[in-house]
Amino acid sequence: MSDVYLETIDLACERDWRPLFEHLNISVKPKDMLQVSGPNGSGKTSLLRLMSGLMQPTAGEVLVKGRRIQQQRGELASNLLWIGHAAGIKGVLTAEENLAWLSALHHKANYEQIWRALAAVGLAGFEDVPCYTLSAGQQRRVALARLYLESAPALWILDEPFTALDKQAVTQLELHLAAHCNKGGMVVFTTHHPIQNVPDTFRELDLGRAIE
Ligand SMILES: Nc1ncnc2c1ncn2[C@@H]1O[C@H](COP(=O)(O)OP(=O)(O)OP(=O)(O)O)[C@@H](O)[C@H]1O
C-alpha cells in the first residue's frame, strides 16, 4: 500500500480570474520536506491553504491518505500543524497561554511541556508576559514553539516560518525541521530565504515555473 499522505491531483488555482497554477501533481509522504518557492503573488500561500483544506481549488483534487480531503477533515485536523504567514498568536495572552490554547487543537500540553518548548525557542524568562510586549522575532518564536511540543502532529505546513528570525534561530529551525522529517514527519513550507540544512528527501517546487 502507498505511504503517500498528502497528494494533489491536477490541481489548479485561480484568484480573481487570474490563473496561478494548473495541473499540479505533488505528493508528500513520511520523511518528506517540500519547499514551495516562487515570486510574490505566484500562489505559494494559496497552495498551502489548498493542501490544508482551507480553500477550494478551481480544478483538481487534494487527497489525504488516498481519499478526498473533504472526507478526511478529522484525519487532517488531528495530523496537521498549520502556521500561517501571520504568527497567529494573541497579543493580550502570555506566551504560555497562547501555547496552551494552540496545543489544545491537538493534545493539550501541560505546563512543563509548554515551558520546555518555550525554552527551546529561547524564550525562557518570557513565559508570563503578554505577547504584545514581545518583539516581532520573539512573537514568531512563540508560534514556532508549537513545533517543539512533544505532542506536535506529523504534518507541518508552514507559511514563511523564518520571517523575523535572527540568523541563529533560522539555523536552529532548519535543523529542527530536518530532524522532524528524519524521524518520519512531513514538512511543507514556503520561504524566500535560501535554506542550508535539509534532509535527503528535500524537494523544491517552483511555482514561478508552474505556468508559462
Ligand atoms: N483573499 C484573496 N482574494 C483574492 N485574491 C487573493 C486573495 N489572497 C491572495 N490573492 C491573490 O492571489 C495571488 C497569489 O497570492 P498568494 O498569497 O498565494 O501568493 P504568494 O506566492 O504566497 O505571495 P508572497 O510571496 O507575496 O507571500 C495574488 O495575486 C493575490 O493577489
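Which helix gives the largest share of the shell around the ligand? Helix H1 (residues 44-51) does, with three residues; helices (H or I, at least four residues) and strands (E, at least two) are DSSP runs, numbered from the N terminus.

This is a predicted model, in which local features need pLDDT of at least 70 and side-chain atom pairs count only at pLDDT 80 or more, while totals for chains, interfaces and linings use all residues. Residues are numbered from 1 along each chain as its sequence is written.

The residues surrounding the ligand include Arg15, Asp16, Leu20, Lys44, Thr45 and Ser46. A residue is near a molecule if its C-beta atom, placed from the backbone, lies within 6 Å of it. The shell has one nonpolar, seven polar and three charged residues, where Ala, Val, Leu, Ile, Met, Phe, Trp, Tyr, Cys and Pro count as nonpolar, Asp, Glu, Lys and Arg as charged, and the others, Gly among them, as polar.

| Helix | Range | Residues in the contact |
|---|---|---|
| H3 | residues 95-103 | Ala95, Glu96, Leu99, Ala100 |
| H4 | residues 111-120 | Ile114, Ala117, Leu118 |

Of the residues in this contact, six are nonpolar, none polar and one charged.

Overall, the protein chain has six helices and nine strands. Its radius of gyration, taken over C-alpha atoms, is 17 Å, close to the 17 Å from the globule rule (2.2 Å times the number of residues to the power 0.38) for 212 residues, so the chain is as compact as a globular protein of that length. The C-alpha atoms fill a box of roughly 50 × 35 × 35 Å along the principal axes.

Technical notes: Axes are lines fitted to C-alpha atoms, for helices over the stretch in contact, and angles run from 0 to 180 degrees between N-to-C directions. Two residues are in contact if their C-beta atoms, placed from the backbone, lie within 7 Å.
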